[in-house]
Structures are given as C-alpha cells and as structure tokens.
Amino acid sequence: MSLDASDRAALYARAMEKQWFYPLTLPDGRQLASTHDGRVDAIHHTRARMLDAFLADRLGGDRSALSAIDLACHQGWFSLQLARAGFGRVEAVDARAEHVEDAALLARIYELNVIQARQSDVFALKPQADGTHDLVLMFGLLYHLENPVGALRVARSLARRACVIETQVVPHMAGMVDWGSYEYVRPLKGCFGIIDEVDETHAPEASVTGVCLAPSTEGLIWLLRAVGFREAWVLPVPADGYEQLRHGKRVMVAALV
C-alpha cells in the first residue's frame, strides 16, 4: 500500500532524526546523517557490487519466487538491496531491537513491502520455524561470534540454494599437528584468531557477548564444506574495491547447497 503524504512526512522525519551506518538518501533526495561522516561507505559499496555480481551469476532472471534471509541485518541496507534485486520475500533478522526498528523503518520509507524485519539471535533460528531460503546472507557477523561454527551450521540449515558470507579474517596457519602422539599427526585445516570486544558490547557494530573468533580464509572455506555446503569459494573483488577486501584482510565467500 502506498504511503499518504502525512505518513510519508512522519516517516521521513523519524529517519532524519537518526544517524545511519550506511549511505542512505530519502526518496525526496535528502541525505540521511552518517554515524561516521561517510568514512566507511566504501566497504558497503564494495560489498553491494560483489553481491550484485554473485546474484547475476548464480541467481539471475526473475527472482519474484525466491526468498532471502539477511542474518544480522543491522539497519537493513542489504535487505533493501535484496528487495530491489527482485526477491519476493526478504527476512531481515537481527539480535538488537534498535536495528530491527531501523530496518523496518527503511522498508516502510522505500515502500518495500517484501521485507519483514524481526528480532532474533542467529542461534535461535530453525528451519522448522523460520523456513529455508534460496539465499542466506551473513555480512559482518561471523567474526563477532564466539561460536562461528555453530552459526555456519545455522546458515546451512536455512539455505535452500546459496549462502554469501562477508567477514574479517586472520592470517592462516598450516602444517601438521601431533594428535595424541608424535606417531599420529593431523593436518591443520585453518585457524581462528581471538578478538576481545568484552568492553564494547554496548556498541551497535560489536559482538553481543564480547568474545570473537575470526577465521582464516582457508579455514572458512573448509568449514563451509564440512557443515554441508557442496562448494565454496572467495568472490572476486573489484579493482577499485575497499582496501581490506582487495588485500584479503576481509573476504566475501559464496557457498552452494
């Protein structure tokens, strides 16, 4: 249902009163205030371009019968992208109530009724209750978790066709490890780096528990196959993309069911 003039004005006013982590412009052309004066907009634009390229390659054509779930949707910027890309249903899920409110506000402002925003911890999601989706999106979440392997299992359980993950990564370690005895060794498949956000759980972009395990790229690829995806690979980064993605300090990985 289209907004009437009074509803539109009220929604725009609410949006103008807030600060936003993403580069956003109202339909009337006004720019919404940034929490960081646009300093990190480049990462969002690069992620969006890489996601668009993946969708064109693997989920092209009419997407009106497809559904997607955006895990840790934050303020809903990528949920908006999926709705504009033609997905018939987009579930925007976040553990923080204020993020859910922001995502729902944007969906109303841009009149994207296919977006349904709701609050949930990622580990509470079950395919029996939350369904399966053609695309599972997990941007900026994995490296803020103390149980990233469990989150990957949740993503696999919800995925009908594909999952795309964007995450900070740590340097890889490889080699053989004595496993109970020097006579019995196993290959190291990857590693995690422990990151301390214990004093930052109040921050809207931080972990909700404070204990973070960031994977190596090689470890993440191995884990995606181990939890049940048949194929996983690192997506190419545009030559002018965000520097951390270009230099492998962050990665965007696609996995297929």
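Helices (H or I, at least four residues) and strands (E, at least two) are DSSP runs, numbered from the N terminus. This is a predicted model, in which local features need pLDDT of at least 70 and side-chain atom pairs count only at pLDDT 80 or more, while totals for chains, interfaces and linings use all residues. Residues are numbered from 1 along each chain as its sequence is written, and side-chain values use heavy atoms, with hydrogens and water left out.

View 1. Buried means under 20% relative accessible area, exposed means over 50%, and partly exposed lies in between (1.4 Å probe, protein chains only). Thr 217 has 17% relative accessibility, so it counts as buried. Leaving aside neighbours within four places in sequence, Thr 217 is in contact (heavy atoms within 4.5 Å) with Val 169, Val 170, Val 234 and Val 251.

**View 2. An open sheet of seven strands.** Reading across the sheet, the order is β5-β4-β3-β6-β7-β13-β12, and the pairing is mixed. Two strands pair if DSSP finds at least two bridges between them. At the edges stand β5 (115-119) and β12 (231-234); each has a single partner strand, so one side of each is left without a neighbour in the sheet. From one strand to the next, the twist averages 15°. Angles run from 0 to 180 degrees between N-to-C directions, with axes being lines fitted to C-alpha atoms, for helices over the stretch in contact.

**View 3. Strand β3 beside strand β4.** Residues 67-71 form β3 and residues 89-94 form β4; the two pair in the parallel sense over five bridges. Ile 69 has Glu 91 of β4 as its bridge partner, and Leu 71 has Val 93 of β4. Ser 67, Ile 69 and Leu 71 point one way from β3, whereas Ala 68 and Asp 70 point the other way. Five of the five residues of β3 are buried, so this strand is largely enclosed by the rest of the structure.

**View 4. The largest nonpolar core, with Leu 135 among its members.** A nonpolar core is a set of buried Ala, Val, Leu, Ile, Met, Phe, Trp, Tyr and Cys residues joined through side-chain atoms within 4.5 Å. The largest one has 48 residues, and those with the most contacts inside it are Leu 24, Phe 54, Leu 55, Leu 82, Phe 87 and Leu 135. Elements that give two or more residues to this core include α1 (5-17), α2 (41-58), α3 (77-84) and β13 (250-256). Helix α2 supplies the largest share, six residues. Apart from this core lies another, of 29 residues, among them Ala 151, Val 169, Leu 220 and Ala 255. Beyond its neighbours within four places in sequence, Leu 135 is in contact with residues including Phe 54, Leu 82, Phe 87 and Val 164.
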